[in-house]
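The sequence and structure are shown first.

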Amino acid sequence: MDNLPYNVVIDNDNDEKTYGDDVDQNFMFIILNRIKERCAKQPPNVIAAHICSPNCLRLYANDIGQLELRRSKNPYLKPMVQNFARIAVKNPTRHSIDICYISPCGKLLSSIEAIQKYLLLTQCMDLTTLNFTFSKNFVLQKLSIREKAVTIKDISNGLESIPILAINSITNDQFSSSRRYINNSVYEPRTYQNIKNIVDNINQCNCSSSLCHNNCKCSSEEISYRYKRLFIYSSNPIYECSSKCGCSIHCFNKVVSLGIQCEFQVFYSGMKGWAVRATHFISKGTYVFSYVGELSMAQYHKEKKLGSDEYTATIGLIDKNNDGILRIYEPPEYCDENESKTMLLEGLSESNLVCYVNHSCSPNLFSQKVVIENGHGQLVPTYGLFAIRDINPFEELCWDYHYSLTESLPMDCRCEAANCNILLR
Ligand SMILES: C[S@@+](CC[C@H](N)C(=O)[O-])C[C@H]1O[C@@H](n2cnc3c(N)ncnc32)[C@H](O)[C@@H]1O
């Protein structure tokens, strides 16, 4: 370590902060020790200079990584089980701490740009930039939960790649729902017949690299992801690349279509009913989950007479561009002739875990319209939810329902935010 300009300390090496049940304790212990051993044996950049290639991952792959990788649901642990190390570097001149990663082959990677380059050079298919965070708030932490509090082991019935526990540590009420769990939006049948020729026409870009370039034909000029994270909002949708495009999972324009990457729980919050949280840290700008439900033209939605529009979101006016590809526009002031073209997303009878996300006047999630290809070769619009700021493990995930005082029924908002000033519904 002496040949480094800074003192290298192992990040997250705080026993008091790392606690959990026996399995997790052991798991964390193995990971932390391996990081320590690696840094001791192989300080960053001391390996002979080389140009990175897929060999860099293969040669330094570890024997227990695969088993642990399967066990770990935390996206930021995945690089560590693949023999990356995450370190905090004390910078004495700036009196600050910088976060860096050391690659399995000993390269010091000190920015998300460097990570992206490394993943491309090594043709890594297990990790994306979303598995790395340079946030100083990241803590390796897992809380134990009382077995008795688990009311359902997976509310998605196996549909999500990571099971979603339902937990009630407050009362004896079990989680139950008449809503069917779906993980992909579905088109209302008549709506689909009307717009079949638009939504079945999947976009295809002609970018030659696995990353796509800034003027990729699929993406919009107004808004795009930055290394797969989103930091700004636009009323214009993001149009993601599809399976027809030649790009890989590393493409900057594939995020929501890669699916949920976090481990979530639905938990009983008391006054607000059921609520949602993640079991691990989420870095600012990260895609969390998206609104899933039935996509329906306003006229057909109206005919259903649901009685409550609480779970209905307006997507916008559906149209196509010159290539016949789906485009979505903000509806002007509501008027009837738009009904045949206005699409709504409704999650009352079927939806995913989003319907358990509560409102907050100081939310940690924001929503952005995104158009992706679903698993059935159709384009589907959705609202993707992204982290407004770094979110701590087990912090309740909330968004702003944007209810105004005028459209509210008298019911107190219980978000407990300092700026809370609304009546909900
Ligand atoms: C989309 S659901 C959220 C999940 C809900 N908590 C449940 O148990 O199914 C919206 C409902 O949750 C409750 N809710 C959400 N946010 C709230 C808040 N900030 N204060 C009080 N109740 C809230 C209200 O009953 C609201 O009608």
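About what area does the accessible surface of the protein chain come to, and what share belongs to carbon and sulfur atoms? The surface comes to about 20,600 Å², with 49% belonging to carbon and sulfur atoms; such areas come from the Shrake-Rupley method with a 1.4 Å probe, and for residues only the protein chains shown count as cover. The model is predicted, so local features need pLDDT of at least 70 and side-chain atom pairs pLDDT 80 or more, while totals for chains, interfaces and linings use all residues. Residues are numbered from 1 along each chain as its sequence is written, and side-chain values use heavy atoms, leaving out hydrogens and water.

**The chain as a whole**

| Property of the protein chain | Value |
|---|---|
| Helices | 7 helices |
| Strands | 21 strands |
| Residues that count as buried | 53% of 425 residues |

Helices (H or I, at least four residues) and strands (E, at least two) are DSSP runs numbered from the N terminus. Buried means under 20% relative accessible area, exposed over 50%, and partly exposed in between (1.4 Å probe, protein chains only).

**An open sheet**

Five strands form an open sheet of mixed pairing, in the order β8-β13-β16-β14-β15. Because β8 (186–187) and β15 (326–329) each have a single partner strand, one side of each is left without a neighbour in the sheet. Two strands pair if DSSP finds at least two bridges between them; β14 (residues 312–320) and β15 run antiparallel, joined by 4 bridges. K320 has L326 in β15 as its bridge partner.

**Residue H250**

H250 lies in the loop between β9 (238–239) and β10 (264–268). H250 is buried, with a relative accessible area of 2%. Contact means heavy atoms within 4.5 Å; leaving aside residues up to four places away in sequence, H250 touches residues including Q116, C124, S210 and K228.
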